[in-house]
Amino acid sequence: MKKSWIIVISVFAALLIIGYLLFTWFGRYMYNCNECAQFNIDNTELRTGIDIPGIHTGEEDMQCVFDAESNTKVNYFRIVNLKPAVMDAYIERSKFEPLAGGTPDLSVFSVLAATPSITPDNAENFYWKTGDYDDTSFLGILDRSTGQLWISVKYK
């Protein structure tokens, strides 16, 4: 009886270890998958810390371009829920800041069909987030009024 419990506990422990290792491997796989075809949203969220909420999935509503030469991925998404309270919560949760003062260099987004168009008349609708880590730098631009979200990820 005692021997059967040891076997059951050993098998259970082995399954837990295998599950943990598979989960860890899969997370690292998503983190390192820098192309547009597979795990694009997950990779972008993991690398930038920007949550990508419910988005439209039409071809014109979601775009991604990966440039292997510069090792840069540029994304465009159109957010589904534009209710002011939802957008305010999203901006706060993702730590976007108002685009006050100057405009960041938006030339990286020129490879997309939909590009940010910031003018003095609409600048109050735009928010941004930027970051620079050991293996990634990024720029995120959000148009609060239209729900358009642009994210550029530079892999180092």
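# Sheet, cores and ring contacts in a predicted model

Arg47 lies over the face of Tyr31, at 3.9 Å from the ring centre. The model described here is a predicted one. Arg47 also takes part in a polar contact: its side chain and that of Thr136 are joined at 2.7 Å.

Thr136 belongs to strand β5. Is Thr136 buried or exposed? Its relative accessible area is 0%, and since buried means under 20%, Thr136 is buried. Apart from neighbours within four places in sequence, Thr136 is in contact with Tyr31, Arg47, Gly131, Val153, Lys154 and Lys156. Thr136 and Thr48 are separated by 88 residues in sequence, while their C-alpha atoms are 8.0 Å apart in space.

**The sheet**

Strand β5 is part of an open sheet of six strands, arranged in the order β1-β2-β6-β5-β4-β3 with antiparallel pairing. Strands of a sheet pair through backbone hydrogen bonds, either parallel or antiparallel. Which strands form the edges? They are β1 and β3 (97-98), each of which pairs on one side only.

| Strands | Bridges | Residues opposite each other |
|---|---|---|
| β1 and β2 | six bridges | Phe66 and Lys73 |
| β5 and β6 | eight bridges | Ser137 and Lys154 |
| β4 and β5 | seven bridges | Thr130 and Leu139 |
| β3 and β4 | two bridges | Pro98 and Tyr127 |

In the hairpin of β1 and β2, four residues lie between the strands, and Asn71 in the turn has a positive phi of about 55 degrees. In the hairpin of β4 and β5, three residues lie between the strands.

Where is Asn34? It sits in the loop between α1 (2-32) and α2 (40-48). With a relative accessible area of 18%, Asn34 is buried. Leaving out residues up to four places away in sequence, Asn34 touches Asn43, Phe66, Asn71, Lys73 and Tyr155. Two of these, Phe66 and Lys73, stand opposite each other in the sheet.

**Aromatic pairs**

How many aromatic pairs does the model have? The count comes to four. One of them is formed by Phe66 and Tyr155, both of which Asn34 touches. The ring centres of Phe66 and Tyr155 are 6.4 Å apart and the planes are at 65 degrees, an edge-to-face arrangement. This pair links distant parts of the chain, with Phe66 in strand β1 (residues 62-67) and Tyr155 in strand β6, 89 residues apart. Phe66 is partly exposed at 22% relative accessible area, whereas Tyr155 is buried at 4%.

Another aromatic pair is formed by Tyr133 and Phe138. Why is this pair called tilted? The planes of the two rings stand at 35 degrees, with the centres 5.9 Å apart. Planes under 30 degrees apart count as stacked and those over 60 as edge-to-face, so the pair falls in the remaining class, tilted. Tyr133 is partly exposed, with 42% relative accessibility, and Phe138 is buried, with 4%.

**Nonpolar cores**

The largest nonpolar core has 16 residues. Tyr90, Phe96, Leu142, Leu149 and Ile151 are those with the most contacts inside this core. At least two residues of this core come from each of α3 (84-93), β5 (136-143) and β6 (148-155). Which element gives the most to this core? That is β6, with four residues.

Leu142 shows how parts of the chain meet. Leaving aside neighbours within four places in sequence, Leu142 is in contact with Ile79, Met87, Tyr90, Ile91, Phe96, Asn125, Phe126, Tyr127, Gln148 and Leu149. Among these, Tyr90, Phe96 and Leu149 are also named with Leu142 as residues with the most contacts inside the core.

A second, separate core has 12 residues, including Val74, Tyr76, Leu112 and Ile141. In a regular strand the side chains alternate between the two faces of the sheet.

Technical notes: Residues are numbered from 1 along each chain as its sequence is written. This is a predicted model: local features need pLDDT of at least 70, side-chain atom pairs count only at pLDDT 80 or more; totals for chains, interfaces and linings use all residues. Side-chain values use heavy atoms; hydrogens and water are left out. A nonpolar core is a set of buried Ala, Val, Leu, Ile, Met, Phe, Trp, Tyr and Cys residues joined through side-chain atoms within 4.5 Å. Buried means under 20% relative accessible area, exposed over 50%, partly exposed in between (1.4 Å probe, protein chains only). Contact means heavy atoms within 4.5 Å. Rings of Phe, Tyr and Trp (its six-membered ring) pair if their centres lie within 6.5 Å; planes under 30 degrees apart count as stacked, over 60 as edge-to-face and the rest as tilted. A charge sits over a ring if NZ of Lys or CZ of Arg is within 6 Å of the ring centre and within 35 degrees of the ring normal. Two strands pair if DSSP finds at least two bridges between them. A polar contact is a pair of N or O atoms within 3.5 Å; within protein, one must be able to donate a hydrogen and the other to accept it, and residues adjacent in sequence count only if both atoms are side-chain atoms.
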